[in-house]
Amino acid sequence: MVGWIYLCGVSSIIFVFSIFFFVFREGAPFLRDRFDFKEFFFSPEWYPNSDLNKRYGALALILGTASVTLFAMLIAVPFGLGAAIFISEFCAGKFKEALKITIEILAAIPSVVWGFIGLMVMSPLIIWATGAPVGLNVLNGGIVVALMSLPVIVSISEDALKAVPDTFREAALALGATRWQVIYKVLLPAAKNGLLAAALLGVGRAVGETMAVYMTTGHSVNIPFDSRFPLFHPLQSVRTLTATIAAELGEAPHLHPDPSGNYPPEAHHYQVLFVIGILLFAITFAINLTADLVVKGIRRKG
Amino acid sequence: MSQEPAMKDGNPFGETDLIRKKMRAEAAARLLFGAMAVLMVIPLLSILLYLFYKGWPILSWQFIADVPRHNMKEGGIWPAILGTIYLIFFSLCASAPIGVLAGIYLNEFARDNWFNRAVNLAVLNLAGVPSIVYALFGVGAFVLAFGFGRSILAASLTLGIMNLPVTIAATKEALSAVPRSFREACWNMGATPWQTIRTIVLPNSLSGILTGVILSVCRAAGETAPILFTGAVFFKPIEGKGLFAYGLFDQCMALSYHLLTVSTQLQGVPEALLYGTALVLICIVLVFNSVAVSIRVYLRSHQRW
């Protein structure tokens with residue numbers, strides 16, 4: 001039995017490596033035969049289905065993900081931090097318990113239901129409120145993703161605030177500080193690494209969100225650029241990296257190589273989607289690693 | 001500071017302007033953060049109420065137990081519900097044993113060294129991998145490399161691996177809540193580590209572990225992306241085949257995938273049917289979730305130490 005426990009214990013490492021391995025294996029032929037760094041990262045031309053001139057520029061997709069993530073975080077980080085401060089410092093008892101359960105329910109709502117709400121409820125609301133021609137855009141996706149990443153941000157920020165020793169609070173209160181002074185002079189500086197990690201994990205969640213974004217951002221490969229501040233236009237439709245995989249993997253043909261090991265050009269579409277998967281894996285891995293290091297940073301000091 | 005105007009009435013401990021200013025800032029902060037917390041509750045409640053309001057009229061035994069008819073425009077959603085049940089069951093078979101044992105390893109056996117830090121990091125990372133990347137992994141590993149094809153087996157294994165971190169985290173938390181003195185007492189009786197875990201630690205943390213397993217059911221029921229290309233299918237006729245309509249290597253319908261297709265890929269599906277589907281999905285998730293929450297609330301009030 002103990003042998004099984006050890007085996008299962010290390011299985012997480014095996015799974016992380018095998019996720020990378022199997023996704024990489026499918027994407028590798030593209031990386032070998034067709035991949036062009038400059039095209040992939042700096043060209044907005046995504047024409048994988050064109051007969052004559054296939055292009056695999058992911059810039060528009062990357063910026064789509066970036067704009068939705070940015071918009072979502074502009075909403076979710078302040079609200080998440082505010083809610084976490086309120087839950088951890090200002091309220092207690094039944095009310096606190098009720099708020100925490102609410103957050104848990106918020107986290108439990110499936111992504112496809114969020115997408116459905118964006119599609120059926122928010123999209124008409126946005127058209128009505130802003131006069132935009134379509135309601136499926138960065139604004140819609142951003143709000144939905146913000147609501148979806150709030151629970152992560154709130155619960156991790158709350159943990160970070162809870163981890164500040166009570167003696168800190170008592171010392172500040174004894175000096176005559178009000179709760180608000182305790183919060184912004186003592187707690188926020190003491191918990192800042194944990195709060196940063198919470199925001200980072202929220203970003204990770206937003207980057208990786210698939211179904212809700214797929215249903216609410218409107219499916220157009222488009223750079224939501226606007227020459228005025230804030231440089232992207234929330235009422236433009238975009239398509240994110242995750243939504244591209246979800247939308248195109250079903251229709252991209254999975255072809256086998258000819259006997260000499262070369263793939264026909266039509267096979268690249270399928271493979272490039274796995275390359276996007278590797279990119280997403282790398283982004284979230286980097287975000288999680290950074291968040292972990294940031295949290296470890298406080299623990300060593302504390 | 002020395003000449004406080006509020007000391008006019010002779011009380012040196014009365015409210016000064018400074019204190020009043022402090023109290024105003026305090027009240028403002030409380031109001032602001034409270035509003036932020038409440039603003040999180042409002043969309044949730046309004047969404048749930050709206051779904052109930054729109055989906056309630058169509059909800060009937062017939063809607064749940066009938067198969068879709070006329071290209072999904074009429075009839076019920078039974079094949080999708082049954083498919084979701086299959087996916088939940090088989091993904092649990094994969095994730096619950098591995099997850100619980102991994103949690104036991106991390107909490108009871110793992111010493112604090114670089115290797116186990118790497119294991120912990122791997123668990124964190126598994127939790128952060130986007131669901132669509134799990135779909136790609138499922139396609140690359142189970143559908144193609146292992147040759148399961150698009151099937152319930154491939155989809156459940158993908159879901160199971162995705163749910164591992166939930167089970168592991170909950171198990172770890174439940175185990176670490178058991179006081180160390182319990183274990184020490186048992187070791188002093190001459191028990192081996194495994195005997196200690198089996199007879200003392202596990203019985204005392206069983207409900208906490210159960211909470212984690214139920215939460216992973218919740219996730220398995222709602223996830224769409226991982227089953228998109230590994231086993232979910234748009235329509236599968238299973239009329240009159242009873243509970244064992246699907247085989248392990250069949251593709252199946254699933255509630256979450258069904259909601260996606262009827263709301264984005266089909267034209268002219270009646271609105272009530274869409275809201276009904278969403279409502280059934282959310283009810284399943286909420287039922288499991290409230291079971292998990294009530295177990296935890298019960299536990300906290302009946303803790304024996």
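In this predicted model, the largest nonpolar core holds 186 residues. Three residues have the most contacts inside this core: B:Leu87, B:Val133 and B:Ala278. In soluble globular proteins, nonpolar side chains tend to be buried together.

The two chains also touch. The contact involves 68 residues of chain B and 68 residues of chain A. On the chain B side, helix α1 (residues 17–55) gives the most, with 18 residues. By class, this side of chain B comprises 53 nonpolar, 11 polar and four charged residues.

Helix packing was then examined within chain B. Helix α5 (residues 131–145) of chain B packs against helix α6 (residues 152–176) of chain B at an angle of about 135 degrees. Their axes lie 9 Å apart. An angle over 145 degrees would count as roughly antiparallel, and 65 to 115 as roughly perpendicular. α5(B) and α6(B) are therefore oblique to each other. The crossing of α5(B) past α6(B) is right-handed. From α5(B), the contact uses B:Ser131, B:Tyr134, B:Ala135, B:Phe137, B:Gly138, B:Phe142 and B:Val143. From α6(B), it uses B:Ala154, B:Ala155, B:Leu157, B:Thr158, B:Ile161 and B:Met162. The contact of α5(B) with α6(B) has 10 nonpolar residues, three polar and no charged.

A helix pair in chain A was examined in the same way. Helix α3 (residues 59–90) of chain A meets helix α9 (residues 192–208) of chain A at an angle of about 140 degrees, with axes 9 Å apart. α3(A) and α9(A) are therefore oblique to each other. α3(A) passes α9(A) in a crossing that is right-handed. Among the contact residues of α3(A) are A:Thr65, A:Val68, A:Ala72, A:Gly80 and A:Leu81. Those of α9(A) include A:Leu195, A:Ala198, A:Gly202 and A:Val207. The contact of α3(A) with α9(A) counts 12 nonpolar and four polar residues, with no charged ones.

One backbone angle in chain A was also noted. Most residues other than glycine have a negative phi. The phi of A:His219 is positive, near 55 degrees, and this residue is not glycine. A:His219 sits in the loop between α10 (211–216) and α11 (241–248) of chain A. With 16 other C-beta atoms within 10 Å, A:His219 is partly exposed.

Definitions and conventions:
Residues numbered from 1 in each chain as written. Chains lettered and ligands numbered in written order. Predicted model: local features only at pLDDT ≥ 70, side-chain atom pairs only at ≥ 80, totals over all residues. Axes fitted to C-alpha atoms, helices over the stretch in contact; angles between N-to-C directions. Helix = DSSP H or I, 4+ residues; strand = E, 2+ residues; numbered from the N terminus. Parallel < 35°, antiparallel > 145°, perpendicular 65-115°, else oblique. Left-handed = near helix turned anticlockwise from the far one by under 90°. Contact = placed C-beta atoms within 7 Å. Nonpolar A, V, L, I, M, F, W, Y, C, P; charged D, E, K, R; others polar. Core = buried A, V, L, I, M, F, W, Y, C linked by C-beta atoms within 7 Å. Buried ≥ 20, exposed ≤ 12 C-beta atoms within 10 Å, placed from the backbone.
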